[in-house]
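I record what I looked up and what I found.

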Amino acid sequence: MSNDSLLRVENLRLHFPTDEGDVRALESVTFDVDEGEIFGLVGESGSGKSVSSLTVIGLSTGVIDEGQIFFDGEEIIGATKERLRELRGNDISMIFQEPMTALNPLYTVEKQIHEVMLQHGKLPPASSAIVERIYLQIRGQISNIYSKSLSILKDPRNARMSGNYLLLVASLFFSIWLFSNYPIISIFLFATILLSGLLSSINTLDTEHADAIVQCLKDVSIPNPTAVAKMFPHELSGGMRQRVMIAMMMACEPRLLIADEPTTALDVTIQSQIVELMKDLRNRKNTAILLITHDIGLVAEMCDRVGVMYAGSLVEQGTIEQILESPRMPYTIGLMHSIPSMEETRDSLPIIPGQVPDPINLPSGCKFHPRCPFSDDKCISHVPPVVDIGDGHSVSCHHIDKTADFNSVQDAFDELVTILQSGGDIVG
Amino acid sequence: MVDDDVILELKGVKKYFPLKSGLLSRVKKHVKAVDGVSLKVFKGETIGIVGESGCGKTTLGRLMLGLIPETSGNILLDSKELKTIPRGELRRKMQMVFQDPGGSINPRMTVRNAVGEPLTIFRISKGNDLDKRVMELLDIVGMKPDHLHRLPHEFSGGQKQRIAIARALALKPKFLLLDEPTSALDVSIQAQVLNLLEDLQEEFGLTYVFITHALNVVKHISDRVAVMYLGKIVELANTDDLFSSPMHPYTHALISAIPEATLHKTRQKIILEGDVPSPINPPSGCRFHTRCPIAKPGRCDVEEPLLVESTSEGHSVACHFPLINGNSLPIAIS
């Protein structure tokens with residue numbers, strides 16, 4: 001483990017107090033992410049992968065029992081709220097699974113990215129003052145109306161293009177009538193309209209800012225970025241929304257990007273677009289990415305190093321080659337076997353018996369022992385230590401000596417399944 | 001296969017959902033969810049229907065079950081028009097399992113009542129006999145008899161899905177529609193449920209229509225696969241043929257896009273540009289031409305390709321320029 005890693009989570013233990021008892025979400029999690037590296041955390045639902053990432057940016061509501069988190073040498077646990085706010089966005093950003101809920105449906109894409117950049121002081125200096133912008137806005141509006149009415153005067157058929165102009169003419173007559181009958185009311189009315197017009201033109205962005213935002217969108221390969229900038233989230237497709245999310249998070253050029261299931265809500269063809277985009281961003285800007293996912297395929301596609309989580313513990317960690325080719329923890333091995341493969345055909349899928357334990361009543365010792373074919377008394381009583389088996393490949397298991405052969409482990413699993421089934425025990 | 005073996009047949013089935021707008025709720029547009037699908041489902045086979053979200057695969061499934069009426073076309077079950085078969089008889093013949101077991105099982109019904117409900121409705125058994133039948137069913141799906149009086153919230157996702165399967169089997173149907181039955185489950189549990197489904201098929205000679213977006217699952221469980229894109233079947237073939245030599249460019253791209261948990265990638269990745277177009281205004285000609293790397297202007301955007309059987313047996317494809325024998329796609333520039 002290098003001391004100069006960008007993010008370092010050390011021995012993190014965390015629980016959520018509930019009425020039924022403590023939910024033990026994390027049990028001693030240790031990992032680190034280097035500058036420009038893509039680190040993947042894989043695990044099934046409830047394994048604690050999302051909680052780990054939320055704790056890193058100080059958003060977790062759980063009670064931290066022990067452990068330390070260092071970002072670039074700086075302790076994050078116990079940092080002030082102000083410092084955390086500074087870190088979030090500027091140095092650490094996060095993208096979430098469902099882009100529709102993460103984006104505000106009431107504001108345009110442009111406005112939302114502008115807000116992020118404004119908050120973090122990343123906006124380029126404005127080219128115009130507010131007054132100037134309001135003036136330009138109003139002048140634009142007036143010249144617009146002028147040219148439209150001119151074209152209508154030239155050829156009355158142009159008016160048919162839009163019903164709004166009928167409305168405009170009608171309201172013109174109405175306002176003349178109103179002014180001649182109730183002058184005071186009408187003055188108030190006009191003042192209000194003028195004021196709201198002024199207020200809305202304050203909202204228009206400076207051209208420099210708008211350009212910077214369009215550049216952000218261009219960076220994530222959004223086609224026609226100037227048009228997309230003016231759109232609302234509901235007008236965009238799922239893949240586009242996720243691109244906008246990424247653009248927003250990358251706007252402040254963070255050093256660490258946490259991606260929590262970034263492609264789970266997307267279709268496969270769109271998923272591969274987003275994967276390419278994230279890899280490309282890493283290569284261009286050297287952003288480290290912490291990828292949280294349940295999809296080992298995605299990890300294989302993207303990550304440099306992987307950590308496998310089970311019931312709140314990080315059970316195995318190593319480079320992508322080590323984890324995919326020579327996994328040593330029985331859980332990792334079982335998990336890899338149980339994914340239907342695209343390349344080989346098998347009659348029935350190898351399975352891991354049983355189910356993920358209830359986080360309130362976690363098993364003692366090794367959390368995986370009730371489902372493991374090798375479990376013995378030691379596994380039940382003692383939590384296995386994390387052992388480095390070379391080249392940064394670390395495993396937490398009492399029986400590493402038995403797990404060297406990939407296939408024999410699966411045979412052991414199959415045997416366990418048969419034993420459990422013949423004993424009338426439920427499998428799953 | 002002979003036509004006697006056909007259990008379900010779709011002939012040019014269409015389903016348009018009207019979009020109402022304007023002053024008097026006039027129907028102005030239609031969502032063309034399923035737009036002319038013809039398909040034969042043979043007895044005892046598993047046919048997989050794959051496609052991205054919004055391609056109409058779930059709507060097709062609901063049409064097959066008679067849950068929604070078709071706009072045009074015919075659906076025949078055992079050579080009888082589906083519409084003319086009484087509802088009760090229909091449900092004895094075809095049952096379904098949905099994606100989210102938490103949502104498809106009433107949270108206030110015990111397992112006994114949930115699984116036994118079809119038996120009660122059809123007055124097949126009651127009282128002690130019902131208990132016995134339900135216990136048999138639970139045993140079939142690998143659950144214990146003492147689960148009988150528990151409520152759904154006491155079970156995990158995989159167990160709930162087992163309960164849903166037990167309920168679907170209660171009336172001994174011959175045809176089972178599985179709509180994303182494993183999408184909501186974890187990988188290790190998914191494998192358990194898939195194995196269970198395979199065992200049940202062997203034991204009871206069931207016919208499965210398996211709807212999913214996960215190609216690796218479909219490859220594992222299906223005999224034949226139909227690939228859908230914007231309401232149409234673009235390719236239909238035996239599973240092995242489809243995955244070893246996909247002929248439609250879309251299928252090819254779809255297969256290559258699946259992230260695989262291996263390091264040595266033999267497959268070349270094809271990244272499609274853009275998004276799936278809206279089913280309200282599907283593109284003219286071939287619906288895939290807007291994203292297709294080999295589309296030829298003047299042909300693909302004008303003329304709609306029909307689903308025709310190609311050189312190899314049982315392999316149908318709807319494309320003007322199918323990929324034949326090792327012809328692969330040029331890698332699209334993103």
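**Entry 1. Confidence**

I began with chain B and asked where confidence is lowest and where it is highest. Helix 3 of chain B, residues 101-104, has the lowest mean, 85. Strand 3 of chain B, residues 46-50, has the highest, 95. I note here that the model is predicted. Over chain B as a whole the pLDDT averages 87, and 93% of the residues score at least 70. For the model I noted an ipTM of 0.78 and a pTM of 0.80. I keep one caution in mind: where pLDDT is low, the predicted coordinates should not be read in detail.

**Entry 2. Overall form of chain A**

I looked up the secondary structure of chain A and found 16 helices and twelve strands. I then compared its radius of gyration with that of a compact globule of 428 residues: the globule would be near 22 Å, whereas chain A has 29 Å. The C-alpha trace of chain A spans about 95 × 50 × 45 Å along its principal axes. Of the 428 residues in chain A, 40% are buried. Among contacts in chain A with a separation of 6 or more, 67% join residues 24 or more positions apart.

I also checked the domain assignment of chain A, which gives domain 1 as 130-202 and domain 2 as 326-422. The C-alpha centres of these two domains of chain A are 73 Å apart.

**Entry 3. The four-stranded sheet of chain A**

I traced an open sheet of four strands in chain A, with the order 2-1-4-5 and antiparallel pairing. Its edges are strand 2 (21-33) and strand 5 (74-75) of chain A, each of which pairs on one side only. Strand 1 of chain A, residues 7-18, pairs with strand 2 of chain A over nine bridges in the antiparallel sense. One residue pair I looked up is Pro17(A), whose bridge partner in strand 2 of chain A is Asp22(A).

**Entry 4. Strand 6 of chain A**

Which way do the residues of strand 6 of chain A point? In this strand, residues 92-95, Ile92(A) and Met94(A) point one way, while Ser93(A) and Ile95(A) point the other way. I found all of them buried. For background, side chains in a regular strand alternate between the two faces of the sheet.

Strand 6 of chain A pairs in the parallel sense with strand 7 of chain A, residues 256-260, over four bridges. Across this pairing, Ile95(A) stands opposite Ala259(A) of strand 7 of chain A.

**Entry 5. Two helices of chain A**

In helix 1 of chain A, residues 49-56, I counted burial: seven of its eight residues are buried. Lys49(A), Ser50(A), Val51(A) and Ser52(A) are among them, and the list also includes Ser53(A), Thr55(A) and Val56(A). Gly58(A) follows helix 1 of chain A and has a positive phi near 70 degrees.

For helix 4 of chain A, residues 109-119, I listed Val109(A), Glu110(A), Gln112(A), Ile113(A), His114(A) and Met117(A) as buried. What do the buried residues of helix 4 of chain A pack against? They pack against helix 8 (207-219), helix 9 (225-229) and helix 10 (238-250) of chain A. Just after helix 4 of chain A, Gly121(A) takes a positive phi of about 60 degrees.

**Entry 6. Strands of chain B**

I followed an open sheet of eight strands in chain B, whose order is 6-7-8-3-9-10-12-11 and whose pairing is mixed. Strand 6 (94-97) and strand 11 (308-309) of chain B are its edge strands, each pairing on one side only. Strand 6 of chain B pairs with strand 7 of chain B, residues 175-179, in the parallel sense over four bridges. In that pairing Val97(B) stands opposite Leu178(B).

I then turned to strand 4 (residues 72-77) and strand 5 (residues 80-81) of chain B, which run antiparallel and are joined by two bridges. Leu76(B) has Glu81(B) of strand 5 of chain B as its bridge partner. The hairpin these strands of chain B form has two residues between the strands, and Asp78(B) takes a positive phi near 50 degrees there.

**Entry 7. The contact of chains A and B**

Last, I looked up how many residues the contact takes from each chain: 37 from chain B and 41 from chain A. On the side of chain B that touches chain A, helix 6 (157-169), helix 7 (187-204), helix 8 (215-221) and helix 10 (249-257) of chain B each supply at least two residues. Helix 7 of chain B gives the largest share of that side, eight residues. By type, the residues of this side of chain B divide into 16 nonpolar, 13 polar and eight charged.

Notes: Residues are numbered from 1 along each chain as its sequence is written. Chains are lettered from A and ligands numbered from 1 in the order in which they are written. This is a predicted model: local features need pLDDT of at least 70, side-chain atom pairs count only at pLDDT 80 or more; totals for chains, interfaces and linings use all residues. Two residues are in contact if their C-beta atoms, placed from the backbone, lie within 7 Å. Ala, Val, Leu, Ile, Met, Phe, Trp, Tyr, Cys and Pro count as nonpolar, Asp, Glu, Lys and Arg as charged, and the others, Gly among them, as polar. pLDDT is the predictor's confidence in each residue, from 0 to 100. Two strands pair if DSSP finds at least two bridges between them. A residue is buried if 20 or more other C-beta atoms lie within 10 Å of its own, exposed if 12 or fewer, and partly exposed in between; C-beta atoms are placed from the backbone. Domain bounds come from an automatic or database domain assignment. The radius of gyration is taken over C-alpha atoms; the globule rule is 2.2 Å times the number of residues to the power 0.38.
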